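Hi everyone, thanks for coming. Let me put today's structure on the screen, and then I'll walk you through a few places in it.

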Amino acid sequence: MPIKTTIDKIPQFVDQEVTLSGWLYNKRESKKLKFLEIRDGMGIIQAIVGINDVDDNTWEQAGSLTQESSLHISGRISKHPKKDEYELQVMPGGIDIVQISVDYPITPKEHGSGFLFQNRHLWLRSKRPWALMRIRSEVIHAIRTFFYEDGYITFDAPIFTPNACEGTTDLFEVPYFDSVAYLSQSGQLYGETGAMSHRKIVVFGPSFRAEKSKTRRHLTEFWHIEPEIAWFNINDNMELMERLTMFVIEWVLRKCRPELELLERDIKFLENIKTPFIRLHYDDAVNQLNELKPDRIKELKKELKAATDETLQAELKREIEELGTDFKWGGDFGAPDEGILTRQYDRPIFVHRFPRGIKAFYMAPDPEDERVSLSIDMLAPEGYGEIIGGGQRAEDYDYLVAQIKKHNLPMEAYQWYLDLRKYGTNPHGGFGLGVERTVAWLAGVHSIRECIPYPRTIDRVYP
Ligand code: 4AD
């Protein structure tokens, strides 16, 4: 009897007979041979059916298989003499069809991204999303491992909340019995309560933002990793971000090489990343940006001339327009600005000490420069931009009350949060890392929509 196994374990079964259960991914045929690409979720293997090696019925069954038909398939495993490639030589009676799939919509030809996202439930079976979901899974596992090994407590924050953590403009309001609640934009405020209890905690959950713009780096629902630590300053914070990022890069390089290769990621770039990452004061970032803008605009205009794809043309035009005016101190960096800053370096950048006016109510003011806050954004290189945002929290009760008023937030909803400053306040901080943006950078893909199984955006809640 052939041994039941899965494709990832095939190297153990060279010259032995096995049975695999899976789906037909693709098929090529000639008069005497049929080449069946079989996928079983764990990998893909080529199965060969020879007219002279099998009975008539098996030959016919192989001929009747259509894309995504489900089957059990049995045969002998052989290994390529030089490469790590394996094949399955189908044996007589070796094809047992479970279901013939009819008119599978995603054929091997090219499809537009709108069509593919509409069929996301099926598209997930294709090689590219398959590789991306595996990388995503490893990134999450790496991050969990990092924090676990460093002594952090997993601390789950509620999804229904009365508070706006990141400002009121992009809140999702939901009916909550006789009242209303908001879907959480960030678990941070609750994470801070956990840090006062356990010293260092990490919140991991979904965050929701009613983002009205369609960009390649905004979702309305994303997964958020948010460590929060008591007795922790802005420099400790940057060091933690740096250690975590290096840990995740090394993990992905170790665990996901075939997936990165499939996606044609420039692996060398990741391999060459070293610490320390670049630390750039906001003031210096603004100066650099204004110096570098003219050259970048020239480059983009050249790209626009050469571009044939309409979406790309529109993106390039928007970018040129956004970069058109001088960047003024006090503004926040947009994606094109971050693109310019990050393209200069071979590693991530920390931009720190943003003006107080553009950061959330809870950010600590810099005691040495009242114009700015103790905030940090970590920008991924290669034009990717922000993947982490964080900082030191305001610890003074009166300052925080004034900030809540200034930001027009309802004081009564923040009483519990203010209690943290009444009872044993201390310098503390943390950050939020967006899983999808991190995966997009590590995998080298353009849009974060591809980095979550089911992306939610202003124009998509299906499937
Ligand atoms: O910079 P943000 O808004 O910071 C916070 O929410 C803090 N409360 C985090 C903290 O200090 N605990 O978001 C943090 C990160 C961003 O750097 C980005 O990676 C991701 O969350 N993010 C998004 N990802 C996808 N779609 C969106 N609409 C996102 N908004 C933020």
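This is a predicted model: local features need pLDDT of at least 70, side-chain atom pairs count only at pLDDT 80 or more; totals for chains, interfaces and linings use all residues.

In what sense do strand 12 and strand 19 pair? Strand 12 (residues 221–230) and strand 19 (residues 428–434) pair in the antiparallel sense, over five bridges. Pairing here takes at least two DSSP bridges between two strands, and strands are DSSP E runs of at least two residues, numbered from the N terminus.

Residues are numbered from 1 along each chain as its sequence is written, and side-chain values use heavy atoms, without hydrogens and water.

Eight strands make up an open sheet with mixed pairing, in the order 7-11-12-19-18-17-14-13. Strand 7 (153–154) and strand 13 (278–281) are at the edges with a single partner strand each, so one side of each has no neighbour in the sheet.

A side-chain N or O atom of E166 is 2.6 Å from a ligand nitrogen, and a polar side-chain atom of S186 is 2.9 Å from a nitrogen of the ligand. The protein covers 94% of the 630 Å² of accessible area that the ligand has on its own (Shrake-Rupley method, 1.4 Å probe).

Last stop: Y176, in strand 9 (residues 173–176). Y176 counts as partly exposed because its relative accessibility is 36%, between the 20% limit for buried and the 50% limit for exposed.

How values were computed
Helices (H or I, at least four residues) and strands (E, at least two) are DSSP runs, numbered from the N terminus. Buried means under 20% relative accessible area, exposed over 50%, partly exposed in between (1.4 Å probe, protein chains only). A polar contact is a pair of N or O atoms within 3.5 Å; within protein, one must be able to donate a hydrogen and the other to accept it, and residues adjacent in sequence count only if both atoms are side-chain atoms.
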